[in-house]
2 protein chains.
Amino acid sequence: MRNILIIGAGRSATSLIQYILEKSQEEDLLVTIGDISVQNARRLAGGHPNAEAYLLDIHNVHDRREAIQDSDIVISMLPARYHIEVARDCLEFGKNLVTASYVSDEMQSLHHKVESKGLTFMNEIGVDPGIDHMSAMQVIDRIRDGGGKMLMFESFTGGLVAPESDDNLWNYKFTWNPRNVVLAGQGGAAEFIQEGTYKYIPYHRLFRRTEFLEVEGYGRFEAYANRNSLKYRKIYGLEDILTLYRGTIRRVGFSKAWNIFVQLGMTDDSYIIPHSENLSYRQFVNLFLPYSPTDSVELKLRHNLKIDQDDLMWDKLLELDIFNGEKTIGIKDATPAQALQKILMDKWTLKEDDKDMIVMYHKFGYELEGKKKQIDSHMVIKGEDQTYTAMAKTVGLPVAIAALKILNGEITTPGVLRPIAKEIYEPILEELKDYGIAFDEHFADYLGYNPEGVGG
Amino acid sequence: MRNILIIGAGRSATSLIQYILEKSQEEDLLVTIGDISVQNARRLAGGHPNAEAYLLDIHNVHDRREAIQDSDIVISMLPARYHIEVARDCLEFGKNLVTASYVSDEMQSLHHKVESKGLTFMNEIGVDPGIDHMSAMQVIDRIRDGGGKMLMFESFTGGLVAPESDDNLWNYKFTWNPRNVVLAGQGGAAEFIQEGTYKYIPYHRLFRRTEFLEVEGYGRFEAYANRNSLKYRKIYGLEDILTLYRGTIRRVGFSKAWNIFVQLGMTDDSYIIPHSENLSYRQFVNLFLPYSPTDSVELKLRHNLKIDQDDLMWDKLLELDIFNGEKTIGIKDATPAQALQKILMDKWTLKEDDKDMIVMYHKFGYELEGKKKQIDSHMVIKGEDQTYTAMAKTVGLPVAIAALKILNGEITTPGVLRPIAKEIYEPILEELKDYGIAFDEHFADYLGYNPEGVGG
């Protein structure tokens, strides 16, 4: 039996482990699941005869190295910062590695050694990053192979609540790490390029510079710009492209209301609020408003952010109960971002039978034989329940498929990789279709952002 | 002769050196002026018989140590980050030290060694920090000595252009390091406390939460909050104070217009603009506006920031010529903040005969015998010309006076100090009056921010 070691049995590992266990008989696999919580590992092993669940603390160097040495391939579903230790052991013991995380500089620095040992360290093979890379490169390669020249690439992804479980005014619930949602967009201006012109949006304007997206059967969405669109020029070989933009999808109206928190300073994670544990939600809001004891917190907020009496944003705030003077933050030494997260989790936590939904939308603009054309492609995936979520499926299945194809010698490219080469994305995208993960494509007229070709 | 070593002969050292040279005969002083530019040092020495100007590169360890070893006291007017090397040498060779800069953590860490050697390292003895400390502590100590209890301390300082040299719509010119003006307020939320309630203002709201100040004979000013008001609770012994606020003074209307740059993202210093050297001012502005080649940069900016047709802010922008398509930034690898600084320096550089002005305003609220009272005190100092500026006078004279008093044994408190003890501030403030640096005080009714005592 071949031993697949899966390190980390959190929420994102459910569909991954399900896939591998289903294949374990025909593929002759022993599936070893190590987690810091042996309960987690056991739950996902589910008593399967080919599965072994055990306690693995990756900070215990001896245990970690032994587990890796005993394996035939390693899948790391740990938080991204822990991959590098696993990767170093894999390099030493000559094991292939698969992760769903962004390639860190440290990981990248192993490339030549990994390559010269003939090993494959496949990263960024979840959903975003992962399915976005593969689905985009498939169309980009097809356009280029047909003689087309890429003019525009725009790509949008969002983790949302499925319409049937959507029961709040924000049309949003936390489907992944809430902390990342609260901090989204921070750390520098969003950079992108439109028709050859660089554009920058500072964090405090990000949620007011959205654009709309129409997804057939699902209606209208909006997207705000990601910080790092420009790095995809190099990764996708689009150095000369005129327009490159990546964004995050929300339901229409989310960003305008979220902007209230940004404007007030509630998403700041850089300082601690004194006595935060005893602060009421109302007092928390008041920290960010001018002192004026004769005016209500409500009116101060309305006036400060110029929110009209009949603005629906107001109902969104009321729904979150942020003016409640009784409910307390209850977290010691909380930053504003942590306090806000607490308030949001009261309302935005998925219920037992809620379903999540992943939406991905690409636009490819290109020129072929003197004509400008456009392909739009999109994917919508819903979760089954709170275990086999859309997020777990779209992150875990590409990881699992890639791991098995590497183990079986179907993917052999050596090095520290992203799934952007045809050899890698073609078979994986093909198999993902069996699990309902597929893109709808349609042709559109390419208008770009400068249809009249005027300057400026 | 006693040897006073002055390291650094930049713009802030003029009045300092003038003062010491004027005293050099009666005080029997040799004034040694070392600077990385021997021209600078020579210019300030002015051929005075008691002055010696020479090239001193403080990174040349041998030269630096020799100069310090030969001196009787050291004044460091270097950029703040360089003081620590000088301080370590002073400690080793048993020399007293005076600087106008904030006490860094490294400097603070020398305190016990400095104290046990009986040395005085006097810091923060310029204008802000410096005169603010001394003038505030003088009133605070007087209130406390009289049995009063401090309720409120608010303090505002600004470096401005004098009214007779004020000829632009912003009523502002650069009187000090322009870079610090462009970056002012960045690095975290402004924190302060009002009537016992903590208040936080994020950077992107800072310039819209100003308050007004009236200075007799000079009219109306505005102030925006400094980042670090709360640290003065400990420094001034005001741990229980209800209201503590420090701010920066500008002429009314400056902040509202400056906010345009903040909102657009033009003050960001964290990334480099590609091809910045060839970018026109107009193209620079367009980086921060949505792509739309059929609309003018002007209209996009007006629409984006909702600037009305008749808003005076617009004239302030036009005065800066920021929509000029011919003028170029001309700086390679410039950040937005560096590019903006370039544009501003075209218009805000002081002319040959322009005068600068320092305004400082304190409000002290206190309770005495059951009654609430308030003292307001303020100082306005104008420069004589572009050499003996208000900034050079108010920074340099306290430094010079302190240095001489330490040299003469009139100030003997050992340790790494700020001028907050009576022994230090009383004689210095007294002597500063001879140079026209004095505060006007008047009593006012204390209203505070909660005159009706209502809650919330």
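This note goes through a predicted model in numbered points, from its helix packing to the contact between its chains.

1. Because the model is predicted, local features need pLDDT of at least 70 and side-chain atom pairs count only at pLDDT 80 or more, while totals for chains, interfaces and linings use all residues. Residues are numbered from 1 along each chain as its sequence is written, chains are lettered from A and ligands numbered from 1 in the order in which they are written, and side-chain values use heavy atoms, with hydrogens and water left out.

2. In chain A, the axes of helix α1 (residues 14-27) and helix α16 (residues 390-407) come within 7 Å and cross at roughly 35°. Helices here are DSSP runs of H or I with at least four residues, strands are runs of E with at least two, and both are numbered from the N terminus; axes are lines fitted to C-alpha atoms, for helices over the stretch in contact, with angles running from 0 to 180 degrees between N-to-C directions. The crossing of α1(A) and α16(A) is right-handed, a word used when the near helix is turned clockwise from the far one by less than a right angle, whereas anticlockwise gives left-handed. The contact (heavy atoms within 4.5 Å) includes A:Leu16, A:Tyr19 and A:Ile20 from α1(A), and A:Leu397 and A:Ile401 from α16(A). By class, its residues divide into 9 nonpolar, 3 polar and 3 charged, where Ala, Val, Leu, Ile, Met, Phe, Trp, Tyr, Cys and Pro count as nonpolar, Asp, Glu, Lys and Arg as charged, and the others, Gly among them, as polar.

3. Helix α7 (residues 131-145) of chain A packs with helix α17 (residues 422-433) of chain A at an angle of about 115°, their axes being 10 Å apart, and this crossing is left-handed. Among the residues that make the contact are A:Met134 and A:Gln138 of α7(A), together with A:Tyr425 and A:Leu429 of α17(A); the classes are 7 nonpolar, 2 polar and 4 charged.

4. Side chains of opposite charge can pair when their charged atoms come close. One such pair is B:Arg142 and B:Glu441, which meet in a salt bridge at 2.8 Å, N to O (a side-chain nitrogen of Lys or Arg within 4 Å of a carboxyl oxygen of Asp or Glu). Over all chains, the structure holds 54 salt bridges.

5. How many salt bridges are there between chain B and chain A? The count is 0, although 14 residue pairs are in polar contact, both at pLDDT 80 or more. A polar contact is a pair of N or O atoms within 3.5 Å; within protein, one must be able to donate a hydrogen and the other to accept it, and residues adjacent in sequence count only if both atoms are side-chain atoms. The side of chain B that touches chain A divides into 19 nonpolar, 11 polar and 7 charged residues.
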